[in-house]
Amino acid sequence: MTSIQVVTPYLGVEWALQDMLVSFGESDIPVLIIDNSPDSDLTPRPWYMPPNVTIETFPQNIGVSASWNKGL
């Protein structure tokens with residue numbers, strides 16, 4: 001069986017991230033958010049996120065490709 005995970009880089013557009021998470025509905029697919037924002041504004045979580053969401057923070061922007069590779 002193939003496992004699936006959503007991996008998304010984040011650079012500080014909070015409303016877009018909220019909209020993306022809401023669009024998943026009641027899905028239990030794991031979501032990995034790579035927080036590339038210099039101020040790491042997702043830790044602590046500023047608003048409710050489903051329990052299937054994991055956040056990894058980095059002190060600087062590691063880029064889209066490196067962010068996606070974190071999900072492999």
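Strand S2 spans residues 31-35, and five of its five residues are buried. The model is a predicted one. Look at the two faces of S2 in turn. On one side sit Val31, Ile33 and Asp35, and on the other sit Leu32 and Ile34. Each of these residues is buried, so both faces are covered.

Now find the strands that pair with S2. Strand S1 covers residues 6-10, and five bridges join S1 to S2. These two strands run parallel. Strand S3 covers residues 53-57, and five bridges join S3 to S2. This pair is parallel too.

Step on to Asn36. Asn36 lies in the loop between S2 and S3. Is Asn36 buried or exposed? Its relative accessible area is 2%. The cut-off for buried is under 20%, so Asn36 counts as buried.

What is Asn36 in contact with, beyond its neighbours within four places in sequence? Its contacts include Pro9, Tyr10 and Leu11. Others among them are Phe58, Gln60, Asn61, Ile62, Gly63 and Ser67. Take Ile62 as one case. Asn36 and Ile62 are 26 residues apart in sequence. In space, their C-alpha atoms are 6.5 Å apart.

Notes:
Residues numbered from 1 in each chain as written. Predicted model: local features only at pLDDT ≥ 70, side-chain atom pairs only at ≥ 80, totals over all residues. Heavy atoms only, no water. Buried < 20%, exposed > 50% of the residue type's maximum accessible area, 1.4 Å probe, protein only. Helix = DSSP H or I, 4+ residues; strand = E, 2+ residues; numbered from the N terminus. Pairing = 2+ DSSP bridges. Contact = heavy atoms within 4.5 Å.
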